[in-house]
Amino acid sequence: MLLNHLNPSIKALTVCILIVHLAFVFEPMTVLLFLIWTIAATFIFGRVNWKKYVLYFLPFFIFAIGMLWTTIAFADPSEHTNEVITVLGLTLPLDSFLVALALSLRILNVAALSLMFIFTTNTVDFILSLIQQLKLPPKIAYGVLAGYRFLPMMKDEIKIIHAAHQVRGVSQGKSLKDKLSQYKRFAIPLLASAIRRAERTAVAMESKGFTGDRNRTFYRRFFITKRDFILPGILLFGFWGAWFL
């Protein structure tokens with residue numbers, strides 16, 4: 001699919017630019033139309049599992065509802081007391097409701113743009129593209145990549161430490177306080193294991209000739225082509241179309 005094969009750096013910059021654009025929009029209809037456009041573009045041009053998408057989108061939706069309610073509840077008294085709207089049996093000042101609705105939809109828009117990037121971008125490709133296109137220092141980029149690779153290993157390490165404690169007869173926590181104490185016991189062996197693994201990785205990288213120099217060769221090269229500008233065109237067209245409707 002188109003979105004899954006675009007240059008990750010161009011995709012990330014497009015998302016950042018659109019989030020900045022959204023920060024200056026306070027009209028709910030524009031934000032709503034662009035939200036629909038973004039979600040539609042994600043599923044039309046990207047290969048995305050809709051069940052996983054809904055699962056990730058749900059927390060942002062709940063947060064947006066909370067933002068809507070708190071913005072209305074703690075809004076300043078309206079100067080236009082005659083302009084009201086009735087929502088779910090509640091009579092609310094129209095201007096406060098519109099501002100709250102715009103803020104909530106803006107949150108959903110940021111979530112939709114972020115999820116579009118996350119679900120259509122390979123993490124390793126993104127890091128390599130940051131080095132090659134945006135000149136991110138290799139020392140930082142490969143450090144982040146190594147940390148990302150370590151996360152699943154740390155999860156397995158916690159299971160091993162937990163099993164070792166069970167074999168030794170260490171009491172397992174049942175209450176919240178006991179569980180917190182239990183994870184404190186896990187922290188030291190987990191940290192020691194992570195340090196040993198980091199040292200081995202550093203030695204392996206040095207032995208392979210890694211110096212952190214920017215002038216290095218890459219097994220996988222990323223380039224910016226004309227096709228990479230299709231996404232900015234689609235999304236900016238949707239944004240400005242929603243703006244002028």
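This is a predicted model: local features need pLDDT of at least 70, side-chain atom pairs count only at pLDDT 80 or more; totals for chains, interfaces and linings use all residues.

Modeller: Residues are numbered from 1 along each chain as its sequence is written, and side-chain values use heavy atoms, with hydrogens and water left out.

Biologist: Are α1 and α8 roughly parallel or antiparallel to each other?

Modeller: Helices (H or I, at least four residues) and strands (E, at least two) are DSSP runs, numbered from the N terminus. Helix α1 covers residues 8-22 and helix α8 residues 230-244, and they pack at about 15° with axes 10 Å apart. Axes are lines fitted to C-alpha atoms, for helices over the stretch in contact, and angles run from 0 to 180 degrees between N-to-C directions. Angles under 35 degrees count as roughly parallel, over 145 as roughly antiparallel, 65 to 115 as roughly perpendicular and the rest as oblique, so α1 and α8 are roughly parallel.

Biologist: Which class do nine residues of the contact of α1 with α8 belong to?

Modeller: Contact means heavy atoms within 4.5 Å. From α1 come I10, K11, T14, L18, H21 and L22, and from α8 come L231, P232, L235, L236, F239 and W240. Ala, Val, Leu, Ile, Met, Phe, Trp, Tyr, Cys and Pro count as nonpolar, Asp, Glu, Lys and Arg as charged, and the others, Gly among them, as polar. The contact has one charged residue, two polar ones and nine that are nonpolar.

Biologist: Is the crossing of α2 and α8 left-handed or right-handed?

Modeller: The axes of α2 (residues 28-45) and α8 come within 8 Å and cross at roughly 155°. The two helices are therefore roughly antiparallel. A crossing is left-handed if the near helix is turned anticlockwise from the far one by less than a right angle, and right-handed if clockwise. The crossing of α2 and α8 is right-handed.

Biologist: How many charged residues are in the contact of α2 with α8?

Modeller: T30, L33, F34, W37, A41 and F45 of α2 meet I234, L235, F237, G238, F239, A242 and W243 of α8. By class, eleven residues are nonpolar and two are polar, and the number of charged ones is no residues.

Biologist: What is the handedness of the crossing of α2 and α4?

Modeller: Helix α4 covers residues 94-119, and its axis comes within 9 Å of that of α2, crossing at roughly 20°. That makes α2 roughly parallel to α4. The crossing of α2 and α4 is left-handed.

Biologist: Which helix gives the largest share of the lining of the largest pocket?

Modeller: A pocket is an open set of points on a 1 Å grid over the protein atoms alone, where a 1.4 Å probe fits, with protein on both sides within 12 Å along at least five of seven lines; lining residues have an atom within 4 Å of a point. The largest pocket is lined by 14 residues, and Y142, T201, M205, F210 and R216 lie nearest its centre. α6 (138-167) and α7 (176-207) each supply at least two lining residues. The largest share, five residues, comes from α6.

Biologist: Which class do the nine residues of the lining of the second largest pocket belong to?

Modeller: I65, L68, W69, I72, V87, L88, L90, L92 and F97 line this pocket. The lining has no polar and no charged residues, and nine that are nonpolar.
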